[in-house]
Amino acid sequence: MAILKAGGAYVPLDPAYPSARLRQVLEDAAPRLLLCDAAGRAALGPEALADLTVVDLETAIPAWADAPSSDPDPQALGLTARHLAYVIYTSGSTGTPKGVMVEHAQIVRLFEATRSWYDFNERDVWCLFHSFSFDFSVWELWGALHCGGRLVLVPRHIARSAPDFYTLVCKSSVTVLNQTPSAFKALIEAERESGVRNQLRYVIFGGEALEPSSLKPWFERHFEHAPRLINMYGITETTVHVTYRPLNKSDTSSSCGPIGERIPDLQIYLLDQFDAPVPFGAVGELYIGGAGVARGYLNRPELTAERFLPDPFCGAAGGRMYRTGDLGRYLPDGNLEFLGRNDEQVKIRGFRIEPGEIAARLGEHAWVREAVVVARQDRAG
């Protein structure tokens, strides 16, 4: 919050991530200032900190103890909604992570454009369940504060234990829960074993493809609308969420994963290999246009030009669309169905992973001539 109020953009560095990856991000982002604590220092190492201006959040408190508690004046600082808010890094197929640049306006419009679907209010309690280096955290963190609600910060060891996390959800009276489907699958079992009632109003899925059949045990013990289960498809490059689909018990008998309708201020195009719209019901690649499309990739103009394209369908000068690499089709009822990727990229527990990035790193070893990386699920989850 301090970074944004001062007019800066934040680049989250989770100390739980591999140190080599953190140093890659740090080198690419080249921040003016690094805010860290002891865990952050240890994760980065002294060499990475040598040429940076570092503020230690645990030892530097006296430096701002007498500073005014009022907010800076955005107009006096020359800030606008088009200023950069954050850069979140995702996996890259060449072995180098790429930073997605998102502006203030793109975050705020996410909550304004979805307001008619949700009645979030100041009585709601949210969880910051996901790593703040993962873009699902943008929805959790700023969603809670935007509606005046309360945000519960979930320690990593509790987030990794479904029984402990369910206990926290109940004790903290959480009403809005955001989950990847794989994490929620474990929570369903934890709730069954606990027997304690929760106060959830919404469970919102994102980050990876949903298999509706996995929700059967939940619907067997709950009414369809208490709490309301929502599936939201999205991408970091289009500001977290793109579509909205309320889920019903009948969905659990379907083999497809409907992702619903678009957020009103976005456009979705299904295009073929010639960038032409496919017929209704045919499979095409998803291109996303509209107000949520990010500024582009930091320090990657060629990749930005390749993925963030002029929008020939919007009818307005300067319109852009993002080429997702995801495949989909429209179902007879008008809902979109997600059908996977047109490349090797996979999602595991919500994290985008490029097998090519791992193969590139393996290929750097003197003893490795060629490397092939696949995601294999030996058992459910």
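Modeller: Helices (H or I, at least four residues) and strands (E, at least two) are DSSP runs, numbered from the N terminus. This is a predicted model, in which local features need pLDDT of at least 70, side-chain atom pairs count only at pLDDT 80 or more, and totals for chains, interfaces and linings use all residues. Residues are numbered from 1 along each chain as its sequence is written, and side-chain values use heavy atoms, with hydrogens and water left out.

Colleague: Where does leucine 33 lie?

Modeller: Leucine 33 counts as partly exposed at 43% relative accessibility, where buried means under 20% relative accessible area, exposed over 50% and partly exposed in between (1.4 Å probe, protein chains only). Its place in the chain is the loop between α2 (19–29) and β1 (34–36).

Colleague: How many disulfides does the count come to?

Modeller: A disulfide is a pair of cysteine sulfur atoms within 2.5 Å. The sulfur of cysteine 170 is too far for a bond, because the closest cysteine sulfur, in cysteine 127, is 10 Å from it. Cysteine 170 is also buried, at 14% relative accessibility. By this rule the count of disulfides is zero.

Colleague: Which residue in β6 is the bridge partner of leucine 128?

Modeller: From strand β5 (residues 125–128), Trp126 and Leu128 point one way and Val125 and Cys127 the other, and all are buried. Strand β5 runs parallel to strand β6 (residues 150–153), and four bridges join them, where two strands pair if DSSP finds at least two bridges between them. The bridge partner of leucine 128 in β6 is leucine 153.
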